[in-house]
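Please read them with the structure open.

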Amino acid sequence: MTAPVTGKQIGRSLPRLEARAKVSGRAEYTHIMRLPGMLTCKLFRSTVAHGRIKSIDVSAARALPGVFGVYTGEDIKKVIPDPYYGPAFHDQPILALNKVHYVGEPVAAVLADDPHVADQAVQLIAAEYEELPAVFDEVEAAENKVVVHDELKPATTFADLKHLKGAKNTNCALDFKLRRGDVDKAFAAAAQVFEHTFKTQKVLHLAFEPHASIADYKDDGVTITTASQGPSFVRTEIARLLGWPENRVRIKVPYLGAGYGGKLYIKLEALALALSMLSRRPVKVALTMDEVFYTITKHPSTFRIKTGVDNNGKIIARKCDVWWNGGAYADIGPRVTQKSGFTASGPYDVDNVSIDSYALYTNLSPAGALRGFGIPQLVWAYESHTDMIARALKRDPLDFRRQNLLRDGRPHATGTILKDAAIEKVLDAITDRLDWERPFDRGTGTIRRGRGFAIGLKAVISPTTSVAIVNVAGDGSVTVYCGTIDMGQGSDTAMAQIVGEVLNMAAETVRIVPRDTDVTPYDMGTLGSRSLFHMGHAVRLAAEEAKAKLAALAREVGEPEGSNAPIAELFVKKFGMRAGNIVGTGTYKPDYIPPDPQTGQTANATPFWMTAGSGAEVEIDTETGQLRVTRLINIADVGTPINPKIVETQLSGGALMQLGFTLFEKMHIDGGQVTNASLADYKIPGIHDVPAVMENEAVAAYQSNGPFGAKGVGELATFGVSPAIANAIDDAVGIRLTELPLTAEALFRALRAKQGKPLEDE
Amino acid sequence: MADTRTIHFTLNGRRVSAEVEPHHNLVEMLQGQFALTGARESCGQGLCGCCTVVVDGKPVSGCLYLAVFADGAELVTVEHLDSANALDAVQEAFIACGAFQCGYCTPGFVLMTKALLAEQPTPTDEQIKDYLSGNLCRCAAYPEIVNAVKMAARKTKAGQTGAPGNAV
């Protein structure tokens, strides 16, 4: 190992602080932890998509030797009378009550010392349901012919959901509207109008550490160790369910075997708590991978987009209707609907925009945020659509985009002025690398080649708060308390670099305390690429306060101005021995103006814009539909890269994850039942799926209000991958696919249809 | 379910015994009786490689390998590779190349890389990909992993093994 580097910490490609623990197999994850005296939970799940529970017979399960207890939703009510949870709606019961709303919903829980006994007991449980009609498609759900919930129960957290309290006969958990200019008038005046509809499929996070929570309930307090991206939220929600002050609820989070949005808000924590209350023992709920398919997924979506252009090819109107398939429980779907919905018109300068974005309940497993908070679904649609318009107008797709690009200083559809969004640089970098102006060999015979690109824009969600503490010990060593969860994105390392920069010390000597709400202050959550900006500011402010206090201490003990006496000596001079602490705190919450509920207009929609894109070259075998992505270019504006190596890994990893969502990942669903709920049947990218050429780059940029010019990275490379590949397919064979994934079968069917020899349906 | 039997085997260089039931797999035994969590279950089907354990010199999926079959065998887990102050060359290369993010799958990749380099000290990119195709990384650090394997091959060839004596 090389010696620690003092001086400049920002921009160092420092290996992750926890690297050694990870390569040696010693890093802690909830799923592999156990407590003395712990019981293990296994779940009995619904086999119907929508039904009234007539009976649950647990007698045989209870009688099995080794079973500690079997519990249903009615048992849960004995310890938590109103057992419904969720970040946007209090709609999800800890175990099903009265009705089941999707196949796979937890209905009963078995506790045993031996997980195999618990598993066996689950097989002995029998439930009877009165089946009800179910709805699975988001557009059908919007017709409200089948209604998933009898009554809507919004949480009090979000002002824009309050009007839905008690609403009946509706599946709509949020209808977000944006209106700018006069879209109808503009369409009437347009030289040409284009309208297309795009769909995305149901996919999921599949973090390799499946969800896990361990609760240890005592009468004076509860400790929950959990694989969570948001311990502060879990604490608030558990305290609410218990009717306790938050200081009696302790949430601990070790490293996460990744999250990608799948471990946000509250998942198994309330169940583990209730079972620990009922059993008076520590309880571990740890899912198997097949159960993860019934826990949380990405939103399937339907996006109908309509664009009017004038005689010069200028986009003058865009109308977006987006339906988000939220599944049976809202989770964070309503926020995805709004916070991503308002960017549905894309990175284009359009005077007349209308957006309607609907969060819909269906009888499928719940959907939440997945690496992009809805943005990849939107970019997929608007960048496919934009390319189709360019082709129809016989315009070069790059030239057409340049003409219509939204540039810094111009108002976005929300009315917020775009600032520090290096969209043009991203577009230039992609197309430079693609050598876009040069002729391209499109192949001959049965092997055809094409290229395409796409760019996306996101506004980081707002308003959110982060708090941090920097603690300088008597020997001068520094400890940081921050609630950002390091789930692989390298946040601990980045925070240490920021603190090291402020305090002029090597980042690798800074310790980040494992997340524990007993000592770690509030953070809204590790989500939406918000942490580096928000928590980065909080740790910067905390470190600056500590630095100021250290300077005051130096003056107090008689050090001359500008003295570089070691910190440890200052403490000795002050206390006569090695003793004491200096504590700096930092709180960061950016300015924000909520959108007008009727028009979605606001002068300050977000503290920072995120922009990124991809370029792709593909090769297609026209005899089989087989598609190879031969080159994938991912370019992003991350502001200042705090750690360039980790930034590159994040860009590369995000793009490869999205490549799976683009080319093959899909949950196959039959009557609400997932028929491929395992890694044997649900393919994710493997080492052979990496394109032969991968190029990742963060363009030179600076976020003027960011910590040292930085902003978030984690989601960026997902934005452009899907439409870049669809656009490349069109370029190669003149076929436009409008539904993900872009499989060989879909392509082959389209090729045959184009030849006038369509295949029969399945 | 109790049909417990005692098995004896070598674990990370030490002779040990364990009480196992016929349905227990290696991961359960290693975590439950030896507090070794480097091999961990993810897919539960032997497809992802997170549970990799080396049995008699061969990497196996610990989630599918019944513990009773370890009777008389020689087991090595990722915990055997490093010592208090030194890492194995493969582990060092994984750190130097940033070949992981969340780290959940990393022990499996590290053990497979050790096995690859034992068979093929200077593998080509294609050989690396073929050999590691049974391990999955959801964070998709694959390009970095390929680089790490190549760096480890160079280091191993140059005799720069960090923790000598802990051969797999």
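1. The model is predicted. It contains eight cavities of 30 Å³ or more.

2. The largest cavity holds about 580 Å³ of space. Its lining is made up of 40 residues. To find the centre of the largest cavity, look for A:Gln489, A:Ser529, A:Gln650, A:Val713 and A:Gly714, which are the lining residues nearest to that centre.

3. Which elements give two or more residues to the lining of the largest cavity? They are α14 (491–503), α15 (531–556) and α17 (644–663), each in chain A. The largest share belongs to α14(A), with five residues.

4. Sorted by class, the residues lining the largest cavity are 20 polar, 17 nonpolar and three charged.

5. For the second largest cavity, the volume is about 220 Å³. Here 21 residues form the lining, and those closest to the centre are A:Tyr85, A:Gln92, A:Pro106, A:Lys267 and A:Leu268.

6. Two strands of chain A, β1 (39–45) and β5 (92–93), each contribute at least two residues to the lining of the second largest cavity.

7. How many residues of each class line the second largest cavity? The lining has 15 nonpolar, two polar and four charged residues. For the largest cavity, the corresponding counts are 17 nonpolar, 20 polar and three charged.

Terms used
Residues numbered from 1 in each chain as written. Chains lettered and ligands numbered in written order. Predicted model: local features only at pLDDT ≥ 70, side-chain atom pairs only at ≥ 80, totals over all residues. Heavy atoms only, no water. 1 Å grid on protein atoms, 1.4 Å probe; cavity = no way out; pocket = protein on both sides within 12 Å on 5 of 7 lines; lining within 4 Å. Points joined across faces, edges and corners; volume = space filled by probe spheres on them. Helix = DSSP H or I, 4+ residues; strand = E, 2+ residues; numbered from the N terminus. Nonpolar A, V, L, I, M, F, W, Y, C, P; charged D, E, K, R; others polar.
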